[in-house]
Amino acid sequence: MNIYSRITAVTIALFWLTCLCSSCFAQHTDTYNSHDHDEEEMYNWDIKKDGFIIFASGTMWGGSHVLKNNADKINTQDLMTLDRNNVWVFDRGATNNYSKSADKVSDYMLFTMPILPFLHYFEGRCWHEGEAVVGMLVETFFLTDGVVNMLKAAAKRFRPFTYNPDVPDNEKLTRGSRYSFVSGHTSTTAAMGFFSAQVFSDFHPDSKLNPY
């Protein structure tokens, strides 16, 4: 399964997780509201305003994929002109790296991080504000991945391994070889991780775990 198929699979899984949590949230909120509690809502969720943001960011996300898919792809002529000596000095060392195991590890981190925010649903207060949390998560994903795809389509930067003579040409000619900047793995992992950390610190401002 190539990276695009895996990303699509994660996107679909994220969608169904969102639907599942939203459905459970609707049922659980009734139970939560049946108990007396004086806590104010943490997030000011406006379905009209935020619904528009989700629609707009989702449209941008879809358009960014169209832009990236229509961007120039690497070809055999490009390979003949690539010279690692033309890469900036502080980046040149990366052209010597090529590790299948490191690639898998980074994929595992990418595909598990979108699940992390859903761990908040194990606590009652998050269930109470589940619609806002899910909505913000969707907004975060659409905006992050959309901007990443647009930058990739604009920069069309060759990945470091395309400069490595030890890497087979059939590997270099894969679809994503010209989408080096910016890193989708780093951006998505950071966005999901920071989002989850922010939600945790919002719900538990006095927790000793906040610094970590």
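The secondary structure here comes to nine helices and zero strands. Keep in mind as you look around that this is a predicted model. Reading along the sequence, you get the pattern α-α-α-α-α-α-α-α-α.

**The chain as a whole**

- The protein has 212 residues, and 37% of them count as buried.
- Among contacts in the protein with a separation of 6 or more, 81% come from residues 24 or more positions apart.

**How α7 sits against α9**

- Two packed helices are described by the angle between their axes and the distance between the axes.
- Helix α7 covers residues 130-155 and helix α9 covers residues 184-203; they pack at an angle of about 155 degrees, and their axes are 10 Å apart.
- Angles over 145 degrees count as roughly antiparallel, and α7 and α9 are therefore roughly antiparallel to each other.
- Their crossing, α7 with α9, is right-handed.
- On the α7 side, the residues that meet α9 are V133, M136, L137, T140, F141, T144, D145, V148 and K152. Facing them from α9 are G184, S187, T188, A191, M192, F195 and F203.
- Sorted by class, the residues of this α7 and α9 contact are nine nonpolar, five polar and two charged.

**How α5 sits against α9**

- Helix α5 (residues 100-112) also packs with α9: the two axes come within 9 Å and cross at roughly 35 degrees.
- The crossing of α5 with α9 is left-handed.
- From α5, the residues S106, D107, M109 and L110 meet G184, H185, T188 and T189 of α9.
- The α5 and α9 contact is made up of two nonpolar, five polar and one charged residues.

**How α2 sits against α7**

- Helix α2 (residues 47-70) packs with α7 at an angle of about 30 degrees, and their axes are 8 Å apart.
- Angles under 35 degrees count as roughly parallel, and α2 and α7 are therefore roughly parallel to each other.
- This pair, α2 and α7, has a left-handed crossing.
- By class, the α2 and α7 contact holds 13 nonpolar, seven polar and six charged residues.

**Residues to look at in the helices**

- S57 belongs to helix α2. Its relative accessibility is 3%, so S57 counts as buried.
- Leaving out residues up to four places away in sequence, S57 touches E139, F142 and L143.
- S57 and T140 are 83 residues apart in sequence, yet their C-alpha atoms are 8.9 Å apart in space.
- G130 is in helix α7. With 1% relative accessibility, G130 counts as buried.
- Twelve residues separate G130 and F118 along the chain, and 9.6 Å separates their C-alpha atoms.

**Residues to look at in the loops**

- K156 is in the loop between α7 and α8. Phi of K156 is near 50 degrees, a positive value in a residue other than glycine.
- K156 has a relative accessible area of 24%, so K156 is partly exposed.
- R178 is in the loop between α8 and α9. Its relative accessibility is 16%, which is why R178 counts as buried.
- Setting aside neighbours within four places in sequence, R178 is in contact with D72, K73, I74, D78, K152, K156, R157 and F158.
- R178 and T162 are 16 residues apart along the chain, with their C-alpha atoms 8.8 Å apart.
- V182 is in the loop between α8 (169-172) and α9. The peptide bond running from F181 to V182 is cis, with omega near 0 degrees.

Definitions and conventions
Residues numbered from 1 in each chain as written. Predicted model: local features only at pLDDT ≥ 70, side-chain atom pairs only at ≥ 80, totals over all residues. Heavy atoms only, no water. Axes fitted to C-alpha atoms, helices over the stretch in contact; angles between N-to-C directions. Helix = DSSP H or I, 4+ residues; strand = E, 2+ residues; numbered from the N terminus. Parallel < 35°, antiparallel > 145°, perpendicular 65-115°, else oblique. Left-handed = near helix turned anticlockwise from the far one by under 90°. Contact = heavy atoms within 4.5 Å. Nonpolar A, V, L, I, M, F, W, Y, C, P; charged D, E, K, R; others polar. Buried < 20%, exposed > 50% of the residue type's maximum accessible area, 1.4 Å probe, protein only.
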